[in-house]
Amino acid sequence: IIRYMDEYTLHDETHLYRVLSLMEKIIPDKTLNNLQALELSLLILSAFFHDLGMSPKEREIKIYKGLIDNEQELSAEEKLLLEDFNIYCETKIDLKQRIDNAYSKGNFGVAKMLENYRLTEYIRINHATKIKEIIQEIENNEKWSNGLKYNNFRFGRYLAKICESHNENILEINNSLIKTSIPVSPNEYLNSVFISIVLR
């Protein structure tokens, strides 16, 4: 993360363990002792996974910076990524004008700094939605051929939605993956609403 976003909070293992520690502090002991194994696992995993989207692949950064712009070199998915980023850049009219103005005056250092700021803001704003792709990659990997499973319950999509929800308006979350009683096994339920709130 600090490679592209050095002005942001350090999202290293210290940050991740701090999130986990804060989770423990805000959950009353009685509640903590009554959580199911999968709920405890998802609390831990969400603490460690929720900001993975803040560290994009190097190829994505090169695409955003225009270092890979040959249409033939980009996959259909990468073309959509670039289109989305370009739309974002066009909507930031004041910032675009400041960048264009800096270039026109020969202030290339200022222009590059503003471009980097725009890119880091784009990554920050969209980082929560990237977790779905990351978890999908994990589940598609041969080493994880059975997917992320607890007994026979596949929980990858629930983990992805919990992580994604930390960057959404809590009042607007209306999703079948964020519910208070998702059946996991005959006598076990998952409360993904609780986990999502604790992660926030």
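Helices here are DSSP runs of H or I with at least four residues, strands are runs of E with at least two, and both are numbered from the N terminus. I'm working on a predicted model, where local features need pLDDT of at least 70, side-chain atom pairs count only at pLDDT 80 or more, and totals for chains, interfaces and linings use all residues. Residues are numbered from 1 along each chain as its sequence is written, and side-chain values use heavy atoms, with hydrogens and water left out.

**Entry 1: His50.** I found His50 in the loop between H3 and helix H4 (58–64). Is His50 buried or exposed? I get buried, with a relative accessible area of 5%; buried means under 20%, exposed over 50%, partly exposed in between, with a 1.4 Å probe and protein chains only. Beyond its neighbours within four places in sequence, I see His50 in contact (heavy atoms within 4.5 Å) with His15, Val19, His127, Cys163, His166 and Leu199. I also looked up Ser165: 115 residues from His50 in sequence, yet 9.1 Å away in space, C-alpha to C-alpha.

**Entry 2: H1.** Next I checked which residues of H1 are buried, and got His15, Leu16, Val19 and Met23. Down the axis of H1 the buried residues fall within an arc of 105° (taken from the directions from the helix axis to the C-beta atoms), so they line one face of the helix. On the face turned away from that buried side I noted exposed Glu13, Tyr17, Glu24 and Lys25. Helix H3 (37–49) and helix H9 (192–199) are included in what covers the buried residues of H1.
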